[in-house]
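Have the structure open while you follow it.

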Amino acid sequence: MLLALALAATPVDYARGDAWLCRPGRTDVCAANLSVTRVDATGQPRVERAPTRRPADVDCFYVYPTVSLDPGGNSDLEPDRTERGITEAQFAPFRSVCRTFAPLYRQVTLTALRKGLGGGGIPGDFNLAYGDVRAAWKQYLAHDNRGRPFVLVGHSQGSLLLKRLVEEEIDGKPVQRRMLSAILPGTAVLVPTGRDVGGSFRAVPLCRSDGQIGCVVTWASYRAGTPPPANALFGSSRRAGLIAGCTNPARLAGGVAPLDARFGAPWWKGGVAQYAPPSAGWSVAGRPITTRFVAMPGLLSGACTTVGAVSYLSVTVGPGSAPGLAEAIAGTATIGDAAYPDWGFHVVDMAIVQGDLLEVVRRQRRAYARRAGNKAG
């Protein structure tokens, strides 16, 4: 037992390449084939090849969500299909807008989370997980950043840990001037009711306009018509006078907007308790889908909505141009929100706005360059 605790407390050497899932210039998880099968208004599929351009003037630092099925309370540092699969699905697309950095870390496992949701407490150490993320950030900042603007990208546990990192290492400090945004879905970034800053962060506001920089993009998503229940796990605040922030990546200023979803084809046979992708894969017009991602323009739209103490991205699912495929990728049985209404769309928070997030970063990159040019002039 003492040996296990000592090993768990051993610092990770993030100067080592094998402590990272993604780093620039490597053939790794973030170098995967990102081609998309785009299903048009007639229901016909067309393969859209991934962009080849990789900007070198902006960095993205990603912390993946709770996916590890390791048996203990915290994961080891040996990545398997869970860490690799979710990083490929959520983060690899960002390579078209920035240099990609994704550290391994000893996260609180899905195994531990399941035990905690059963009422027995979560037998994992979030401080250990955060210590790894912070050490990776320090290594990156000291040896890789070299003054470039950066974007933080997380989801669920990853967002929780990055939120703490912003609080302790970035909020109100000089390095905040280089932060384009912190993309933190699936956790509650609190703000005073009617305001965009002042709760979780002192100086980092919610993003409310195209090209705004130094701000937070955050949301928790639920299906329209099925608002979060009283025991909602995401998008809620339990602090008087504060509400969970919600920013729609498709329209930061607010209001309803179509969502540019990129659903990743099933990467994890058998799924998890609240997400059961079809084991046989997906098809459209009688043909199997062979790309990693599927897009169906017009299938989804969304708007930030507040109901009581919960603020969330309300997602309307249309019939789509291929109803069978639409049900397979966004149906209640697939996403699991019918069986787990307290989770809502949590497992696809990123997928439903993947294209929108890339556009947010593109606009922020241009805004940062304009600001730098004006200062230089």
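**A hairpin and a buried loop residue**

A: S2 and S3 form a hairpin with five residues between them, and Gly43 in the turn has a positive phi of about 90 degrees. The model is predicted: local features need pLDDT of at least 70, side-chain atom pairs count only at pLDDT 80 or more, and totals for chains, interfaces and linings use all residues. Residues are numbered from 1 along each chain as its sequence is written, and side-chain values use heavy atoms, leaving out hydrogens and water.

Q: How many bridges join S2 to S3?

A: Strands are DSSP runs of E with at least two residues, and helices are runs of H or I with at least four, numbered from the N terminus. Two strands pair if DSSP finds at least two bridges between them. Here four bridges join S2 (residues 36-39) to S3, and the two run antiparallel. Val36 stands opposite Glu48, and Val39 has Pro45 as its bridge partner.

Q: Which strands make up the open sheet, and in what order?

A: The order of the four strands is S3-S2-S16-S13, with mixed pairing. S3 (45-48) and S13 (263-264) are at the edges with a single partner strand each, so one side of each has no neighbour in the sheet.

Q: Is Asn145 buried or exposed?

A: Buried means under 20% relative accessible area, exposed over 50%, and partly exposed in between (1.4 Å probe, protein chains only). Asn145 has 0%, so Asn145 is buried. Asn145 is in the loop between helix H4 (126-143) and strand S6 (150-154).
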